[in-house]
Amino acid sequence: MKHIAALIMVAGFATLAPAQVHRCKDAATGKTVYSDVPCPSGQAGELIERQKSAQERQAEREQADAALQRKYRQQAEERTQADSERESAPAAAGASPAALAGTPACKQAQKELDFVSSIRTLSADEKRLRMNATIARANAACGSSTPLLPEPVKVVVPPSITHCDPGFCYDERGGLYRRNGPDSLTGPQGQTCSRVGAAWTCG
């Protein structure tokens, strides 16, 4: 129990403040105390949590924000899929799209789809998630088969080689390329690069 209590106290210090944490032990009473200031003279102690820099704290906050956003996106997509599976039951029962087109559920779903598609204040990711949710509901209510919006293709731009010396070339990110000849390089990941005019291309 003492070890558990000590861990809880340390976690509390780490969560509530960015300050350093010292563990001090009174030689006379044997009592252990956690503090954000160094141990008084006459007490044995050690630094168990150093003070983090502003850059480290900012990096931790950004990582936590990114993880939270990923969680929200995953939950939204799971809800979209669940809604689509649940609401597609009436259409799958045999009703034709023509029969479903005039139903109140279909008209309401189409109205929601028109509304979401007209919103201009959402981010691209949030707009895609909301559009897919309303498309799924419209498909289920109207018996339609409108495809969901795909995730955008992420384009990775390779770094550009900026300068060379007799033995090596270097890119804008500090990557090192070994020269094999006047028109041939081996990149940091083992890729082969060749000169095309004044530029280098890596495969």
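Reader: Hi! What is the handedness of the disulfide of Cys 193 and Cys 202?
Author: The torsion about the S-S bond of Cys 193 and Cys 202 is about 105 degrees, so this disulfide is right-handed. A disulfide here is a pair of cysteine sulfur atoms within 2.5 Å.

Reader: Thanks! What kind of model is this?
Author: This is a predicted model, where local features need pLDDT of at least 70, side-chain atom pairs count only at pLDDT 80 or more, and totals for chains, interfaces and linings use all residues. Residues are numbered from 1 along each chain as its sequence is written, and side-chain values use heavy atoms, with hydrogens and water left out.

Reader: Back to that pair: is Cys 193 buried or exposed?
Author: Cys 193 is buried, at 0% relative accessible area, whereas Cys 202 is partly exposed at 38%. Buried means under 20% relative accessible area, exposed over 50%, and partly exposed in between (1.4 Å probe, protein chains only).

Reader: How many disulfides are there in the whole structure?
Author: A search of the whole structure finds 4. One of them joins Cys 24 to Cys 39, with an S to S distance of 2.0 Å.

Reader: Which parts does the Cys 24 and Cys 39 pair tie together?
Author: Cys 24 lies in strand E1 (residues 21-26) and Cys 39 in the loop between strand E2 (32-35) and strand E3 (43-49), so the pair ties together parts that are 15 residues apart in sequence. Strands (E, at least two residues) are DSSP runs, numbered from the N terminus.

Reader: And how do the bonded cysteines pair up along the chain?
Author: Numbered in sequence order, they pair 1-2, 3-4, 5-6, 7-8.

Key:
Helices (H or I, at least four residues) and strands (E, at least two) are DSSP runs, numbered from the N terminus.
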